[in-house]
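Colleague: I would like to go through the labels given to this model. For each one, please set the value against its definition.

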Amino acid sequence: MPAYRRTVATADPVAMSRRRRPTAADFPLAAVPAEVADPMLPYLKAAAAEMVEEIQGLVPEYARPPDSRYGRRMRWAVEETVRQFVGAIGRPGMDWEKVTGIFEEIGAYEARKGRGLDGLQTAIRVSGQVACRRFIKDARRLGWSLDTLGQITESLFVFLERIAGAAGQGYARAQGELAGERERFRRRLRDLLVMDPPASAEAIEEVARSAGWPVPRTLAAVAVRPDGGAVPVLPPVFLTDWDTPEPYLVCPDPDGPGRDRMMAALKGTRAAAIGPAVAPARAAVSLRWARRGLALVERGVLPGKEPLRCVNHLPSLVAAQSEELVDLALDARLAPLMKLPPHRRDALSRTLLTYMECRDNAVAAAERLMVHEQTVRYRIRRLEETLGGVMLDPDRRIELLLLLHHLVRLAPGDRRLSPGGG
């Protein structure tokens, strides 16, 4: 009895499933006289009821009403297991498939419910303890020999190990199936989020539940440069598509702690641009702007050493969307400036843009351009002479900023200013 308790108490169903399969020599019930089973048959239901009662007392998740569907199913499984064991006494072979099939399904059920195997392992151990107690009483009541009792208890150990192993196998199989199913739902959710026109919030919620993905209040799409190299390792909260010609990922709560993990994973691996934070149903909008930002990074217009946050580069993105029109407007709106030699146009345009971005503060503009503040003031006076009242017209200020931004940072070909200047 003590030896049995030590053996079962340390049993691990998953480890059991990896051991060698029991052979006929390991299971000596066939050598027990068949008539030994006869006096036990009237008490099988009572034995099963005792097992169920003790299991429910020790495993809270199994403590269900006897008349419930779960309670009836549990009672049937225990009764069938007891019947299979006693029915093997005196028979040449044990019908393992029937009894292991029961426990494979129980293990799979535990996995699908998101529980571990501890509760089931306890239930198997408790059932074995009840069986041992009853066999000892039967041995005294029926006058079994020590050899008969030893053969029955030895077979019980093998039996418990085998059903525990079957439960572990069923559990592992179901976990694999669940992982595959969850990944399919994650891919479906990722595609659903970036649909254009967008999917409904209800549809997103439904697929997100199946994917085990909490829907955030906001998210951001991140466009990533395809390079065929190693894929960055990211936490499962990020939904990714590395196989598309234009890889991207969906980042929940982009202003929260998850953003730091994403930035660290992407930094130094490949260029990336982070779209604006939006409601989940507008992820396609975030992805569209992220891809536009990445295109400017690849053109060398915007910096790409670290993942680019599109909201920090609004003028460049807005100008790029109307690039053709703005380029055509340069000659009409800034004709005197455009007629200057390239080197003079370069210095004056860059100075004026920086001056306007610094709220017409010559000192701040000089610091950014790394020139003397008097140089900035001199250039501004020259520009006032060249452009006339354009610089002083408040209705033209936004237009002037847009044109200068395009000229300094976006203009193609020989109209693009040099990278330096000052």
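Colleague: Why are H11 and H17 called roughly perpendicular to each other?

Modeller: The axes of H11 (residues 314–321) and H17 (residues 397–410) cross at roughly 90 degrees and come within 10 Å. Axes are lines fitted to C-alpha atoms, for helices over the stretch in contact, with angles from 0 to 180 degrees between N-to-C directions. Roughly perpendicular covers 65 to 115 degrees, so H11 and H17 are roughly perpendicular. The model is predicted: local features need pLDDT of at least 70, side-chain atom pairs count only at pLDDT 80 or more, and totals for chains, interfaces and linings use all residues. Residues are numbered from 1 along each chain as its sequence is written, and side-chain values use heavy atoms, without hydrogens and water.

Colleague: Which residues of H11 meet H17?

Modeller: Pro315, Ser316, Ala319 and Ala320 of H11 meet Leu402, His405, Arg409 and Leu410 of H17, contact being heavy atoms within 4.5 Å. Five of these residues are nonpolar, two polar and one charged. Ala, Val, Leu, Ile, Met, Phe, Trp, Tyr, Cys and Pro count as nonpolar, Asp, Glu, Lys and Arg as charged, and the others, Gly among them, as polar.

Colleague: How do you know that the span of H10 agrees with its 17 residues?

Modeller: The expected span is 1.5 Å times one less than the number of residues. For H10 (residues 283–299) this gives 24 Å, and the end C-alpha atoms are 24 Å apart, so the two agree. Just after H10, Gly300 has a positive phi of about 85 degrees.

Colleague: What makes a residue of H10 buried, and which ones are?

Modeller: Buried means under 20% relative accessible area (1.4 Å probe, protein chains only). The buried residues in H10 include Ala283, Val285, Leu287, Leu294 and Val297.

Methods. Helix = DSSP H or I, 4+ residues; strand = E, 2+ residues; numbered from the N terminus. Parallel < 35°, antiparallel > 145°, perpendicular 65-115°, else oblique. Buried < 20%, exposed > 50% of the residue type's maximum accessible area, 1.4 Å probe, protein only.
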